[in-house]
Amino acid sequence: MVHAYRMLVERLLKEDLNFPIHLGVTEAGNGDEGRIKSAIGIGTLLKEGIGDTIRVSLTEDPEHEIPVAKKIVEYANPESLFFESIDPFEYNKRKTKQFFNIGRDNSPVVISENSNENSDLYFDRSNQTLVSKNYQIKIGGLKDDFDGVLVSACTFMNDVEEIKDLANDRLIVLEAGLNDDLRTIKECFSECIKQEILCPIILKLNYKDLNADDLLFKASIDLGSLLVDGLVDGVWIQSEDDHNSSELAFKILQASGSRITETEFIACPSCGRTLYNIQDAFAKVKEATAHLKGLKIAVMGCVVNGPGEMADADYGYVGAGKCKVNLYKNRDLVRKGVHEDEAIQALIDLIKENGDWQDLPTN
Ligand code: SF4
């Protein structure tokens with residue numbers, strides 16, 4: 001979505017056309033996932049100065065959409081975010097060396113401050129060390145001789161000559177806080193590309209003063225903007241202790257397509273064409289299938305546009321009139337007119353028949 005809108009704007013500018021542009025992420029789903037997808041898609045573009053009207057579409061009661069839209073606008077004040085070294089029109093992961101399982105072609109890792117959280121590494125504060133199951137990385141400043149180098153985004157450009165001299169088998173932890181603008185952070189990545197600095201970069205964002213709701217929008221917009229351009233090798237969100245920031249990091253990675261760790265859902269917003277209780281059905285589909293990592297499942301309101309709008313999903317659950325559902329495998333209609341009381345089980349059976357089912361772990 002982000003790349004498509006950027007292309008549209010470029011073409012309009014070339015043709016000297018100045019139409020206002022409407023932004024929306026269709027079928028974003030519900031809950032945190034729907035909010036994060038909307039914040040990444042709409043927020044990234046608004047921050048770049050693209051977009052004149054927006055609509056947030058959630059598979060929830062429509063009155064829930066406006067507060068989300070307002071939060072996105074609040075955190076998406078435009079900045080100058082285009083750099084020659086970063087292609088705005090297609091996804092390219094920044095070239096780096098590999099440091100253990102960080103960087104190069106690996107999906108971004110997640111760091112937590114708490115060893116109890118489900119993350120790839122946690123920060124052992126007393127030893128200033130990142131700890132994973134298989135390795136440890138001691139972190140220090142530029143002058144220290146440790147594998148991990150911590151540098152703040154606001155001083156990065158002043159230290160860039162020293163950073164250039166770092167061996168490429170070091171890991172950079174780039175630290176930014178609430179007062180750092182996104183341009184400053186993105187410029188650090190741009191400079192790395194220009195100067196051929198190949199160290200993987202973990203982005204450490206300090207959002208300690210935000211409540212959980214604001215944290216979700218601020219982190220989604222800041223990180224999403226960088227992730228859609230393939231710039232980040234690891235995500236470390238610092239927040240108040242009672243926010244599960246690594247869970248949020250995984251959700252942002254999933255929503256931006258950077259790392260898939262759970263089932264991907266597409267679901268229609270409330271829409272006049274829907275003749276069944278889609279909110280209820282979506283909640284049940286999610287409950288039954290959320291553990292099927294790597295699958296994309298669509299829950300659509302109508303057969304008029306649903307099959308087209310969910311064209312890249314693995315399985316589709318599509319409203320087909322009052323209380324009736326059609327089931328799809330990819331683009332093929334495989335079960336027609338299933339009563340909605342039986343449709344969840346029929347979807348599970350279909351996933352099993354195609355060998356994509358996994359039982360939930362028992363512990
Ligand atoms: S037209 Fe159909 S597919 Fe599109 S949002 Fe409405 S119910 Fe969903």
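Reader: How many residues of domain 1 are in contact with domain 2?

Author: Two residues are in contact if their C-beta atoms, placed from the backbone, lie within 7 Å. Here 14 residues of domain 1 are in contact with 12 residues of domain 2. This is a predicted model, in which local features need pLDDT of at least 70 and side-chain atom pairs count only at pLDDT 80 or more, while totals for chains, interfaces and linings use all residues. Residues are numbered from 1 along each chain as its sequence is written.

Reader: Which elements give two or more residues to the side of domain 1 that touches domain 2?

Author: Elements are DSSP runs numbered from the N terminus: helices (H or I) have at least four residues, strands (E) at least two. Those elements are α2 (31-47) and α3 (65-75). The largest share, 10 residues, comes from α2. By type, this side of domain 1 divides into six nonpolar, two polar and six charged residues. Ala, Val, Leu, Ile, Met, Phe, Trp, Tyr, Cys and Pro count as nonpolar, Asp, Glu, Lys and Arg as charged, and the others, Gly among them, as polar.

Reader: Where do the domains of the chain run?

Author: Domain bounds come from an automatic or database domain assignment. It gives domain 1 (2-75), domain 2 (98-255) and domain 3 (264-353). The C-alpha centres of domain 1 and domain 2 lie 26 Å apart.

Reader: Which residues are buried in α3?

Author: A residue is buried if 20 or more other C-beta atoms lie within 10 Å of its own, exposed if 12 or fewer, and partly exposed in between, with C-beta atoms placed from the backbone. In α3, the buried residues are Glu 65, Val 68, Lys 71, Ile 72 and Tyr 75. Seen down the axis of α3, they fall within an arc of 125 degrees, so they line one face of the helix. That arc is taken from the directions from the helix axis to the C-beta atoms. An α-helix has 3.6 residues a turn, so residues three or four places apart point the same way.

Reader: What do the buried residues of α3 pack against?

Author: They pack against α2, β2 (53-56) and α7 (212-227). On the other side of α3, Ile 66, Pro 67 and Lys 70 are exposed.

Reader: Is Leu 292 buried or exposed?

Author: Leu 292 is buried, because 20 other C-beta atoms lie within 10 Å. Leu 292 is found in the loop between α9 (278-289) and β14 (296-300). Leaving aside neighbours within four places in sequence, Leu 292 is in contact with Thr 263, Asp 356 and Gln 358.
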